[in-house]
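Biologist: Could you walk me through how the labels in this model are assigned? I would like to see each one set beside its rule.

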Amino acid sequence: MLDIREVRRDPAAVAAALGKRGFDFDIDTFEALDSERKRWDIESQELQAERKRASKQVGQLIGGGMAVDEARAQVQAQLEEIGTRIGAAETSAREAQGALDAFMEGVPNVPDEAVPAGTDESDNQVLSHWGEPPVFDFEPRDHVDIGAGLGGLDSEVAGKITGSRFTVLSGPVAGLHRALIQFMLDMHVNESGCTELNVPYIVNSASLYGTGNLPKFAEDLFRIEGEQGFYLIPTAEVPVTNIARDRIYENNELGERGIRYACHSPCFRSEAGSYGRDTRGMIRQHQFEKVELVFLCRAEHSDQAHEELTSQAEEVLRRLKLPYRRMLLCGGDMGFSARKTYDLEVWLPAQQQYREISSCSNFGDYQARRMQARWRNPQTGKPELLHT
């Protein structure tokens, strides 16, 4: 969530920045909601002061010649009337604050100055290439054909077990899948100093709110039936980042490089709105597995941490000798909570194009504000928001 103090200070600048991502920030609505909240807050405060003054009137009335019981009764009636008005004002203040909060929850993160304006992936910028796309003296086959030929990839059996957009892996293909996970975890943990985590694959709504998945993107999630409000995770980013929710880290806990996690998990996504796209193979599955990196750091280390996280993902591709390119996403192609995103796109010979294989985002303090993830600055003794 954005810092509402910054929005109040210069809503026009916020609206202009959000225009990079094609988001129309309604200044008039924001100011009307904020003004309504302020009006009822002032009304509540004035009534509290009025009640305080009224409570002191008993002595004054008695001093003016009124009987004690009559003075007390008169003041009590006045206090009850003021109390009713205070209750109504406080209810209105809560409703006004709730309306303002709901409005702000739907506002995405402000893009970094380096992020180009644009509406979709055609406006993304190529920053660098690594490796040369291979040239074969035969026609490369798609992963589906190769997997089926090896007897190791079967979407029909998965469809029988569950439905479309699922796959059963078997034999050497399943072994390769497991080996790649182990390879990435070992590299990130043993060489890059990340702490390995194993987290729940089911989260509550507060966790999804903290990372910005709720309330706006409920249709992209798999909700578990029942009264608990549980969801299957769309990515390990959700449970891992929420380790910091409602927590204040001491300076020494962050160390020089911040806190760095690596976590393997399945991911579950409804792929709402993608029907008819990439229906063949394992590109847009309802269930897939991923090794996730999550860094938590101080604001001044935010950009450096983002570059290091991206470099770690690039190193995986270099060691696997997979040609790729680094893309800077335009405003319209970035995720809701991101302020800057690099996509790593790998060359797929059978498709003769680069496709996204990893998305590396800096969220600034946007997620941390939603989940109140903070650290204590030893110079001031006060908590400050982390960057994720």
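**Labels and their rules**

Modeller: Let's begin with Asp303, which is partly exposed at 46% relative accessibility, since that label covers values between buried (under 20% relative accessible area) and exposed (over 50%), with a 1.4 Å probe and protein chains only. This is a predicted model, where local features need pLDDT of at least 70 and side-chain atom pairs count only at pLDDT 80 or more, while totals for chains, interfaces and linings use all residues. Residues are numbered from 1 along each chain as its sequence is written, and side-chain values use heavy atoms, leaving out hydrogens and water.

Biologist: What makes Asp303 and Arg339 a salt bridge?

Modeller: The rule asks for a side-chain nitrogen of Lys or Arg within 4 Å of a carboxyl oxygen of Asp or Glu. The closest N and O atoms of Asp303 and Arg339 are 3.2 Å apart, so the pair qualifies. The pair links distant parts of the chain, 36 residues apart: Asp303 is in helix H12 (residues 302-319), and Arg339 is in the loop between strand E11 (324-328) and strand E12 (340-348). Helices (H or I, at least four residues) and strands (E, at least two) are DSSP runs, numbered from the N terminus.

Biologist: Why are Glu81 and Arg85 separated by about one helical turn?

Modeller: Because they sit four residues apart in helix H5 (residues 68-105). Glu81 and Arg85 also form a salt bridge, with their closest N and O atoms 3.4 Å apart.

Biologist: How do you know that Glu315 and Arg318 form a salt bridge?

Modeller: Their closest N and O atoms are 3.1 Å apart, so the pair meets the salt-bridge rule. Both lie in helix H12, three residues apart, about one turn of the helix. Salt bridges that share partners also join Asp3, Arg5, Asp365 and Arg369 into one network.

Biologist: How many salt bridges does the rule give?

Modeller: The count comes to 22.
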